[in-house]
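Here's a quick briefing on the model shown below.

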Amino acid sequence: MYPAGAEFGFELLVCRWVEESWPPNGSRSGAVVVARQLGTADRRWDTVVLECDPAGLAARAAFGSEELDSDLLHVVRNAPAEWAWYRDALPDPGYPWRYVRAAVHRAADRGIVETRREGNRILLRRVAPYPEWLRRIVAIENKPDLDAAAARALSDQLRHDVDAGLADEVWVATATTGNRVEPALLEDLPVDVGILAFEIDAGGDDPTAAAVDASVEWYPSEVTPPEGGRDPERRDRRLELAERAYGRGWRSYHDTMRPDCRSFELRQFGRALVPHCAAKGRSQTAAECAGSCAEFEPEPPAWRTRGWPIEGGPGAGIKTLLRRRREWVRSRELDAEFDPDT
Ligand code: SF4
């Protein structure tokens, strides 16, 4: 069985596998960024894979490790190489300039543009050109227990994903128990959607020996709209999504769970680190690990003075560890020749 409940645990294992092994049945030709639970107002994807240009991704680092929202993107993408009044330099945003001015100040505070005053005018200059770093967006819907009813229920959502054309490719990830996915199930899914079958060996009594592998049951079609590359609105929406994925990664579950609970632990499952609850004696789901959990107990203040090397005790240490992993994977991706076993 997977850790952390079927849906959430499966999702974490899919994200980890993608991070190491994307693309399925092919060799990696660029850099990959993985995130989870991202999307638009009307559709949230379980796993989002960004296929990136390595040089562009390296250049993106000049703008910090946090995501840039749409207002900041408007500023950094249009900031000039030479000093100019921000209203001359930036395109008319279609909303009041005072919001742009606030975004210019925020960008300057983050060090992603330079500003100076000339009389009562604010001039700005870029610190670097904002790079073309995103090549493709791949959306994956995780459905470990894909039966006929689930396939039918999913098909409308997937059809929407294909028609919306925000992603370039759409997959369903499901689990097998060594058998192939039932071919009849595939008939209920849109033909453009790829099927990835995950085989998970839980490692018996030793979860550290767990193994996760995936095979392609059906290859997807490219669903990029024919005019997709030239549609500025689509390009903006994709970049905003990519920025959120870049900033959050897939380990950001610590933002919604309670690593500050004394029972919160991270344990190894194969090559993944997954949450574990000492009070429950098992992996907990994201939904149950919340302030409303009846067994929640804040880590004792004494833990924070008992030699924990990182400010804030083990809860903060767990967050730091997960952030560091994200940073490490990100920097590893800049080397297109990386070996996932190193
Ligand atoms: S006791 Fe509840 S809040 Fe604490 S780690 Fe376990 S599930 Fe999370």
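Start with the ligand: 13 residues surround it, and the closest are C261, C277, C289, C293 and E295; a residue counts as near a molecule if its C-beta atom, placed from the backbone, lies within 6 Å of it. This is a predicted model, where local features need pLDDT of at least 70 and side-chain atom pairs count only at pLDDT 80 or more, while totals for chains, interfaces and linings use all residues. Numbering runs from 1 along each chain as its sequence is written.

**Around the ligand**

- The shell splits into 7 nonpolar, 2 polar and 4 charged residues, with Ala, Val, Leu, Ile, Met, Phe, Trp, Tyr, Cys and Pro taken as nonpolar, Asp, Glu, Lys and Arg as charged, and the others, Gly among them, as polar.
- C289, one of the closest residues to the ligand, lies in the loop between β11 (272-277) and α9 (313-333); helices (H or I, at least four residues) and strands (E, at least two) are DSSP runs, numbered from the N terminus.
- C289 counts as buried because it has 26 C-beta neighbours inside 10 Å; the cut-offs are 20 or more other C-beta atoms within 10 Å of a residue's own for buried, 12 or fewer for exposed, and anything in between for partly exposed, with C-beta atoms placed from the backbone.
- Leaving out residues up to four places away in sequence, C289 touches M257, R258, P275, C277 and Q284; a contact means that two C-beta atoms, placed from the backbone, lie within 7 Å.
- P275 sits 14 residues from C289 along the chain, and their C-alpha atoms are separated by 9.6 Å.

**The chain as a whole**

- You'll find 9 helices and 11 strands in the chain.
- Of the 342 residues, 35% are buried.
- Take the contacts with a separation of 6 or more: 65% of them join residues 24 or more positions apart.

- Mean pLDDT for the chain is 87, and 89% of its residues reach 70 or more; pLDDT is the predictor's confidence in each residue, from 0 to 100.
- Confidence is highest in strand β3 (residues 84-85), at a mean of 98, and lowest in helix α7 (residues 183-186), at 66.
- Over residues 337-342 pLDDT stays under 50, and the model has 2 contacts beyond four places in sequence for them.

- The 17 residues of α8 (residues 232-248) should span 24 Å at 1.5 Å a residue, and the end C-alpha atoms are 24 Å apart, so the two agree; the expected span is 1.5 Å times one less than the number of residues.
- R238, L239, L241, A242, E243, A245, Y246 and R248 are the buried residues of α8.
- Those buried α8 residues pack against β1, β2 (43-52), α3 and β6 (134-142).

**Helix α6**

- A151, L158 and D161 are the buried residues of α6.
- G165 follows α6 and has a positive phi, near 65°.

- Most residues other than glycine have a negative phi, and most peptide bonds are trans.
- Q37 in strand β1 has a positive phi near 55°, and it counts as partly exposed because it has 17 C-beta neighbours inside 10 Å.
- The W22 to P23 peptide bond is cis, with omega near 0°, and P23 is in the loop between α1 (5-21) and β1 (31-40).
- T40, also in β1, counts as exposed with 12 C-beta neighbours inside 10 Å; its C-alpha atom is 9.5 Å from that of L166, 126 residues away along the chain.
- A61, in the loop between α2 (54-60) and α3, is partly exposed with 16 C-beta neighbours inside 10 Å, and 9.7 Å separates its C-alpha atom from that of P131, 70 residues away along the chain.
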